[in-house]
Amino acid sequence: MSNTAPPAAATAPILKEDVMVLNMGPQHPSTHGVLRVILKLDGEKIVDLDCDIGYLHRGIEKIAENRSYTGAAPYMDRLDYIAAVSNNLAYVGAVEKLAGVQVPPKAQHVRVILTELTRIASHLLWLGTHAMDIGALTVFLYCFREREDILNILEMTTGARLTTNAFRVGGLAADIPDGFVEKTRAFCDLIGGRIDEYEGLLSANRIWLSRTRGIGVINAGDAVAIGLSGPSLRGSGVKWDLRKAQPYEAYSKFEFDIPTGANGDTYDRYLVRLEEMRQAKRIILQALDGMPEGDFRAKVPRVLKPPAGEVYHSIEAPKGELGFYLVSDGSANPYRVRIKGPSFFNLQAMRRLCIGHFVADVVAIIGTLDIVLGEIDR
Amino acid sequence: MTPVAQLVKKILFIDLFQGLAITIREMFTPAVTEQYPRQRSHVYERFRGEPRMGVDANGKTLCIACNLCAQVCPENCITVKREKNPETKKFELTGYVFDMRRCMFCGFCEEICPTDCIQLTPAYELARYDVRDFVLELPALERGMDKTHYRK
């Protein structure tokens, strides 16, 4: 008996087997929606992680198949509800590409202004909630104050604060209202100083630095392989922005820089987003200066029947590449609408970013990826 | 920056006081919050809220029963009841139902209306105690929804 090996269970390290499974969400305040993260923990350290999505599924792709091309547009507000205007732009742009509609230059400029305002609004909400998750509550209140100004401009122009339904196939829903240019300029004058203020609160703060530096590091190669896009990709140093790479609307007319990070950690992604807000302001001012006269909407038949075919149109939404793949069979309803949302792809990086970090860092990493569950679950 | 200067900065909490200075400065700026029930927020003209139907100077409806709003509505929440007048060969409105339970305030109906009859007005206080109050018939659409009175 003495020379037979003991059973495997007796030799295995006892402590290592004791992996605790912890459910974070779906009702956790820092998951920004209804995301369930299943954490496997060794003490406080994350050994493995799995994301459970689908709690907010409404079947928008299927709904769109049963609506006309124009009638499906308001549903796209409900994807990334923080940047509804960007969703409108991507969907409407895809339909225009399919139907071969030319958009008047004035409409293009207003579209750029509204989308860039939304980019600032989205980044402000991200910064506020991200900072609040990490423990800086003050920034949250300041960010929401500035976001309110943008929502007012959107309400004045489109008629709604969140579900804007801003654009129509061929242009805008209505011409810009009186006072739009002045209000937007006043906001642009204000926001530059405000961004400096957020930077003053956070960038040098030792708590902020120790919570974000070296947390959730991903190198450029891995980021591209996973399919990250938007600021999450640029934080790793990849200079890829669809506004420059495949210019749409009037973006080729404007001058702006693409900010990139060096280390690919949470702090770099924070700096990239702050700089993006400044660049968005630059674009808005250029678009306001060069605003052409003319129509705001091209002539489009009331019942739109694009020729049979397929098209893919993508834009640089605040969170990354947002694309619409439309298939037309020549009827008034789309045959297939496929949405390529940035948040869904950015969420794939969660596992790689989190392993080895602590539970408290998961909160920071969810924040830094800037996900919106409305768009992931659709 | 030399390591010594960095250390001094760290010991004296310079970074934290920088942030604190901004917070203190903000304390002297006016408050931006609205005290809602007492203070009403400013709503812009284009805001899409409570649906209303217009009448002309004699109190007659502007609706010509063209059915365009019902066709364009993505949620199918509008029903236009109409009958063809055999003499004039034109449609006449016999009833109009707006089901606000399904409405998502996209504004397509007011955009397509040829007579500017149906409009989404800036009235935004739409909470009701009874779900049946959200199915609006023609008189309610012309008069406006009954306002909810809250007991003290």
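Reader: Is Arg352(A) buried, partly exposed or exposed?
Author: This is a predicted model, and the answer rests on accessible area. Buried means under 20% and exposed means over 50%. Arg352(A) has a relative accessible area of 47%, so the residue is partly exposed.

Reader: Which residue does the side chain of Arg352(A) meet in a salt bridge?
Author: The N to O distance in this salt bridge is 2.7 Å. Arg352(A) sits in helix H15 (residues 350-354) of chain A and its partner in helix H10 of chain A, 130 residues apart, which links distant parts of the chain.

Reader: Where does Val217(A) lie, and which residues does Val217(A) touch?
Author: Val217(A) is in the loop between helix H9 (206-212) and helix H10 (220-226) of chain A. Its relative accessibility is 44%, so Val217(A) counts as partly exposed. Not counting residues up to four places away in sequence, Val217(A) touches Asn263(A), Gly264(A), Asp265(A) and Leu353(A).

Reader: Why does the salt bridge of Glu116(A) with Arg243(A) tie together parts that are apart in sequence?
Author: The closest N and O atoms of Glu116(A) and Arg243(A) are 3.3 Å apart. Glu116(A) lies in helix H6 (residues 105-134) of chain A and Arg243(A) in helix H12 (residues 242-245) of chain A, so the parts tied together are 127 residues apart in sequence.

Reader: Which residues are linked with Glu116(A) in a network of salt bridges?
Author: Glu116(A) and Arg243(A) are both buried. Both belong to the network.

Reader: Are Arg194(A) and Glu146(A) buried or exposed?
Author: Arg194(A) and Glu146(A) form a salt bridge, with the closest N and O atoms 3.2 Å apart. Arg194(A) is in helix H8 (residues 180-202) of chain A and Glu146(A) in helix H7 (residues 137-158) of chain A, 48 residues apart. Both Arg194(A) and Glu146(A) are buried.

Reader: How many salt bridges are there between chain B and chain A?
Author: A search of the whole structure finds 39 salt bridges over all chains. Glu111(B) and Arg168(A) meet in a salt bridge with an N to O distance of 2.5 Å. Between chain B and chain A, the count is four.

Reader: How much area do chain B and chain A bury between them?
Author: The size of an interface is often given as the accessible area lost when the parts come together. Here 26 residues of chain B are in contact with 35 residues of chain A. Carbon and sulfur atoms carry 50% of the buried area. The area buried between the two chains is about 2500 Å².

Reader: Which element gives the largest share of the side of chain B that touches chain A?
Author: Between chain B and chain A, 15 residue pairs are in polar contact. H1, H2 and helix H4 (108-112) of chain B each give two or more residues to the side that touches chain A. The largest share, eight residues, comes from H2(B).

Reader: Which helix gives the most to the nonpolar patch?
Author: The patch covers about 550 Å² and is made by Val4(B), Leu7(B), Val8(B), Ile11(B), Leu12(B) and Ile14(B). Leu12(B) lies in the loop between H1 and helix H2 (14-26) of chain B. The helix that gives the most, with four residues, is H1 (residues 3-11) of chain B.

Technical notes
Residues are numbered from 1 along each chain as its sequence is written. Chains are lettered from A and ligands numbered from 1 in the order in which they are written. This is a predicted model: local features need pLDDT of at least 70, side-chain atom pairs count only at pLDDT 80 or more; totals for chains, interfaces and linings use all residues. Side-chain values use heavy atoms; hydrogens and water are left out. Buried means under 20% relative accessible area, exposed over 50%, partly exposed in between (1.4 Å probe, protein chains only). Contact means heavy atoms within 4.5 Å. Patches are made of residues with over 30% relative accessible area and no salt bridge: like charges are joined within 9 Å, nonpolar side chains (Val, Leu, Ile, Met, Phe, Trp, Tyr) within 5 Å. Accessible areas come from the Shrake-Rupley method with a 1.4 Å probe; for residues, only the protein chains shown count as cover. Buried area is the accessible area (1.4 Å probe) that two parts lose on being put together, summed over both. A polar contact is a pair of N or O atoms within 3.5 Å; within protein, one must be able to donate a hydrogen and the other to accept it, and residues adjacent in sequence count only if both atoms are side-chain atoms.
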